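Hi,

Here is the structure I promised to pass on. Have a look at it first, and then read my notes below.

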Amino acid sequence: MMRFSTLLKHPADWMTGADSDSAVVLTSRIRLARNVSDTPFPGWARKQERIEILSDLRAAIEELPEMKAAFSHQLSELSSVQKQVLVERHLISREQAARSEGSAAVVNRTQTLSVMINEEDHLRLQSIRSGLHLQEAYELITKVDEQLEKKLTYAFDQELGYLTACPTNVGTGLRASAMLHLPGLVISDHIGQVIQAVGKLGLAVRGIFGEGTESLGHLFQISNQSTLGESEQDIISRLERVIRKVRDHERNARLKLVEDDPQMIADKIARAYGLLRYAYVIDSKEALTHLSLVRLGADMGCFPKETLQLCDSLLMDIEPAHLQHHAKRKLSPEERDTLRAEIIRSRLQSLPTPVISFINHTNPEDTPPA
């Protein structure tokens, strides 16, 4: 069984992947909600009932080939910082982190597949991929779901589909989502129109940690809202079409910014680089904003391409629980801000100064006389 320290030693596969879509679409995620029939759902079960079903479910999951030598622990075995680290890595929900006895998390070695046991539902299966690869994530989760369905009797209604604790998940029990980096739309002040248009299509736009969270670092999650009346493939196909449209809008916004005001965008990227390289105290919100701009600069050719992966790793490693795990003790907010700045300075030490080549592509008529 994998230890917590091993889990953190290497970044997840989806945090280091780099394909043509990664500059805008960071991750694709599929989550399935499942419950066992004739057993009280976790929110209605007594403590002993949760512990008994946990034992059966955990054994079934650990036997899966995809979970060989996985990280598998009850939440009661983890410290509050360790649980929060799993939240920051999107491996468990904030709601499950608040639970203890009778609840568990199982995560495969590459952190692309995870299962929450006794969260709101008996099982929350999740697959994450780098870039826009919802179909690949769905294929893995379906394979695991079908294996589990041979061992467990799911709560299923012929008319409604899979039964879940929350009525909004009844039917397929499927939530598909993608994390997008949209600084171009935010800076050009078009993000509001895009969010409004996406909402009219029956999709939700949320912050970096899902429902009820603020958008930080120009990162947005887009997901389906309805799970009833559509097949899994229809949900995924519809979401993919919308995400491609948003990705194209973001690409166009970046091009328009360079075309209309290259000095402004160059200034933002260069200032962000300078501040991150030399700051000695920086809070999470400010750090995420500037890392977002350096990430944008990497996509625009101001930094080496691998800077995208460097920024993605930092986005996770400077979160509060990761910092406290790194320090091996609880830190005050002021201590976290100091350690955050120290880690960023260290990681960006070898990053060269930005090459703002796109400024030279401006209209010669706009160039001031020497």
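**Loops and backbone**

Gln 111 is buried, with a relative accessible area of 2%. You will find Gln 111 in the loop between strand E3 (104–107) and strand E4 (113–117). Its backbone deserves a look too: phi of Gln 111 is near 60°, a positive value in a residue that is not glycine. Before you go further, please keep in mind that this is a predicted model.

Asp 38 also has a positive phi without being a glycine, in this case near 55°. Asp 38 sits in the loop between strand E1 (25–34) and helix H3 (47–62). Is Asp 38 buried or exposed? Asp 38 is exposed, at a relative accessible area of 81%.

- Asp 189 is in the loop between helix H7 (183–187) and helix H8 (191–200). With a relative accessibility of 63%, Asp 189 counts as exposed. Asp 189 and Ala 253 are 64 residues apart along the chain, and their C-alpha atoms are separated by 9.7 Å.
- Lys 328 belongs to the loop between helix H13 (320–327) and H14. Its relative accessible area is 75%, so Lys 328 is exposed.

**Helix H4**

Which residues of helix H4 (residues 80–88) are buried? They are Gln 82, Lys 83, Val 85, Leu 86, Val 87 and Glu 88. As for their partners, the buried residues of H4 pack against helix H1 (4–9), strand E2 (71–74), helix H5 (94–97), H12 and H13. After H4 comes His 90, which has a positive phi near 60°.

Helix H11 (residues 284–299) packs with H12 at an angle of about 165°, and their axes are 9 Å apart. H11 and H12 are therefore roughly antiparallel to each other, and their crossing is left-handed. On the H11 side, the contact is made by Leu 288, Leu 291, Val 294, Arg 295 and Ala 298. H12 brings in Thr 307, Leu 308, Cys 311, Asp 312, Leu 314 and Leu 315. By class, the residues of the contact of H11 with H12 divide into eight nonpolar, one polar and two charged.

Next are helix H12 (residues 307–317) and helix H14 (residues 333–347), whose axes come within 11 Å and cross at roughly 165°. H12 and H14 are therefore roughly antiparallel to each other. What is the handedness of the crossing of H12 and H14? The crossing of H12 and H14 is right-handed. Leu 310, Ser 313, Leu 314 and Asp 317 of H12 make the contact with Ile 343, Ile 344 and Arg 347 of H14. The contact of H12 with H14 has four nonpolar, one polar and two charged residues.

Sorted by class, the contact of H13 with H14 has five nonpolar, two polar and two charged residues.

**Cysteines**

How many disulfides does a search of the whole structure find? The search finds zero. Take Cys 302, for example: its sulfur is 12 Å from the closest cysteine sulfur, in Cys 311, which is too far for a bond. Cys 302 counts as buried, at 3% relative accessibility. Seen from the other end, the sulfur of Cys 311 has its closest cysteine sulfur in Cys 302, 12 Å away and too far for a bond. Cys 311 is buried, with a relative accessible area of 0%, and Cys 311 is also one of the H12 residues in the contact with H11.

Cheers

How values were computed:
Residues are numbered from 1 along each chain as its sequence is written. This is a predicted model: local features need pLDDT of at least 70, side-chain atom pairs count only at pLDDT 80 or more; totals for chains, interfaces and linings use all residues. Side-chain values use heavy atoms; hydrogens and water are left out. Axes are lines fitted to C-alpha atoms, for helices over the stretch in contact, and angles run from 0 to 180 degrees between N-to-C directions. Helices (H or I, at least four residues) and strands (E, at least two) are DSSP runs, numbered from the N terminus. Angles under 35 degrees count as roughly parallel, over 145 as roughly antiparallel, 65 to 115 as roughly perpendicular and the rest as oblique. A crossing is left-handed if the near helix is turned anticlockwise from the far one by less than a right angle, and right-handed if clockwise. Contact means heavy atoms within 4.5 Å. Ala, Val, Leu, Ile, Met, Phe, Trp, Tyr, Cys and Pro count as nonpolar, Asp, Glu, Lys and Arg as charged, and the others, Gly among them, as polar. Buried means under 20% relative accessible area, exposed over 50%, partly exposed in between (1.4 Å probe, protein chains only). A disulfide is a pair of cysteine sulfur atoms within 2.5 Å.
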